[in-house]
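Welcome to this short tour. Please open your viewer and keep the selection tool at hand.

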Amino acid sequence: MSLPSPLFDNLRLPLIGSPLFIVSGPELVIAQCKAGIVGSFPALNARPQSQLDEWLHQITEELAAHNRDNPDKPAAPFAVNQIVHRTNDRLEADMQTCGKWQVPLVITSLGAREELNAAVHSWGGITLHDVIDDRFARKAIEKGADGLIPVAAGAGGHAGVTSPFALVREIREWFDGPVALSGSIGHGASILAAQAMGADLAYAGSMFIATEEANAVDGYKDNIVEARAADIVYTNLFTGVHGNYTRQSIEAAGMDPKNLPESDPSKMNFGSGGNTKAKAWKDVWGSGQGIGAVTEVVSVANAVARLESEYREAKSRLDSVFRPGW
């Protein structure tokens, strides 16, 4: 297992802040990168499409300025998430904009395309593709993805149902490239656990909703702080793709989280609300099961500092309990 160098050389923690629909913007991404983890955002968050160019300009310039002022603590790289599904009519234009700014890392979702991977490689970037099972993982690598993001049970947003233990092990039986594990990552010890299972990096999103830099309403941030794993509901009602959402936001939208109907997957439409008037991400809030570790709304810098402290404590604890011969 090895990470492309020097792209990941400046990481404070082996962590990617996952792209959060609506929530991730330049302020969050810049704060994450300055704090020493990969920051990312969905290209579709920039609306209208022309705003994507403005965002990439802002991120590139601010991180370059940070690096000039802090040569001993340079920023981590940033990533842009592209939805490859046929419903995304902006993909070609967004990829052209990413090429203009030579985005270092592109995260692809809901579809893998050889030509997209080739385009990213043409400007020196790398691609990571998120997958929910081993079959999709193999297809992504066959089509030229450099690495994988196994989205295991408990992840926020569009998530799978497979245990991370099983999913990472199956992938590592045949793939030795970059792997970033997603699923209930909200504590520093979970980052270490992801590495112990065979991942190079962890992939966390829900915890960063409860940060000062996140583009989320106060109610959403408070919900992340107050909710626990038992409050997460898995359903495909709102977009046509199964995902995890908070019970409280579903109830606030006037629905019974214990009696949600199934949506027609062929009518996939992100954020439309499916057969409901409530819109996913805006009215019904996505979240993973790892939010029990989130106890307050803080700055990204403080959130990453907490993770680092927990990560180092977990490593120290392992060293203390290890016995020769184990």
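Buried means under 20% relative accessible area, exposed over 50%, and partly exposed in between, using a 1.4 Å probe and protein chains only. By that rule, 54% of the 326 residues of the protein count as buried.

A word on the model: it is predicted, so local features need pLDDT of at least 70 and side-chain atom pairs count only at pLDDT 80 or more, while totals for chains, interfaces and linings use all residues. Residues are numbered from 1 along each chain as its sequence is written, and side-chain values use heavy atoms, with hydrogens and water left out.

**Stop 1: the whole chain.** Switch to a cartoon view to find eleven helices and eleven strands; these are DSSP runs, helices being H or I with at least four residues and strands E with at least two, numbered from the N terminus. The C-alpha trace spans about 50 × 50 × 40 Å along its principal axes.

**Stop 2: the largest nonpolar core.** Such a core is a set of buried Ala, Val, Leu, Ile, Met, Phe, Trp, Tyr and Cys residues joined through side-chain atoms within 4.5 Å. Select L13, L15, V23, I171, I191 and F208: of the 49 residues here, they touch the most other members. Next, colour α11 (300-321), which gives the largest share of this core, six residues.

**Stop 3: F208.** Which residues does F208 touch? Leaving out residues up to four places away in sequence, its contacts (heavy atoms within 4.5 Å) include L15, L28, I37, V304 and L307.
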